[in-house]
Amino acid sequence: MNAPRFPFPAILKGLPLPIIGAPLFIISTPALVIAQCKAGAVGSMPALNARPASQLDDWLAEITEALAAHDAANPQQPAAPFAINQIVHKSNDRLEHDMALCVKHKVPIIITSLGARTEINDAAHSYGGVVLHDVINNGFAHKAIEKGADGLIAVAAGAGGHAGVKSPFALIEEIREWFDGPLALSGAIATGDAVLAAQAMGADFAYIGSAFIATDEARASDAYKQMIVDSSSDDIVYSNLFTGVHGNYLKGSIQNAGLDPSALPVSDATAMNFGGESIKAWKDIWGSGQGIGAVRQVVPARALIARLMAEYEQALIRLTAR
């Protein structure tokens, strides 16, 4: 590749670990974000997880103060920056309110989903923030960068929640033909070997979500966490019934809701509503990616990240020894 045509933001250079914890709807809270960042991975959460909306102000202050205290006590091992996810869909009537709070607290990284808007990117850039936009195909990737996003999250087949259907090999290659800025890969990544594989394909970071559901700090029920531990890729169902957008969900949770996972009807995309009835879907119908076969037990987030990095280092050793 020639000299970079897209700038690589300084905040994303030299991160302690090449891992971004994906924002988990309902599940991610300051406890998980802080634990992820202290362990060296970028921690994130959806702004919509703060309810009522005024709670977001308190949560952003809590995260910022906790990480500042950690850095002061550990100057040789500072925490990774944190990110807030904004749903840029017309159904999100909190977007402007939540983004104003992100500007107030100077959130280092904004992750945008389900739509790209120039004014949201401009708001982040006003204080030096960085915007990563998640995409499921190359066309959306072009639109995101054209509207001012700094980097991309390629959501490939097998990712939890609202996932795409593209092979990660195809999606990364198509994006890298024209974009050499920050790029994360999402889709069934739950081991250190997979983190290294993401980098080998051309991504800068691995974007990991489902494995963090089975951590002590995650705001998920014990039953949800145990189902992550007990399930594998065979237990993932891809459907648009629950929010209007196709996503991956745990078969067991669908069965527990009295539905037949093998005969789910198709939903109208206009049914998507992140602020109303669809919230129940995420409480009762549990999202998950295909990589959960590697999740063996519920552990603290720090322990999960330590495992990932130990596996990553061993994978590097094996690769260089061949």
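1. How many bridges join β3 to strand β4, and in which sense do the two run? Five bridges join them, and the strands run parallel; two strands count as paired if DSSP finds at least two bridges between them. Within this pair, I87 has S113 of β4 as its bridge partner. Helices (H or I, at least four residues) and strands (E, at least two) are DSSP runs, numbered from the N terminus.

2. The model is predicted: local features need pLDDT of at least 70, side-chain atom pairs count only at pLDDT 80 or more, and totals for chains, interfaces and linings use all residues. Residues are numbered from 1 along each chain as its sequence is written, and side-chain values use heavy atoms, with hydrogens and water left out.

3. Strand β2 (residues 43-46) also pairs with β3 in the parallel sense, over four bridges. Here G43 has F82 as its bridge partner in β3.

4. Six of the six residues of β3 (residues 82-87) are buried, that is, under 20% relative accessible area, where exposed means over 50% and partly exposed lies in between (1.4 Å probe, protein chains only). In a regular strand the side chains alternate between the two faces of the sheet. In β3, one side carries F82, I84 and Q86 and the other A83, N85 and I87, and both faces are covered.

5. In helix α6 (residues 168-176), L171, I172, I175 and R176 are buried. They lie on the same side of α6 because they cover an arc of only 120 degrees around the axis, taken from the directions from the helix axis to the C-beta atoms. F169 and E173, on the other side, are exposed.
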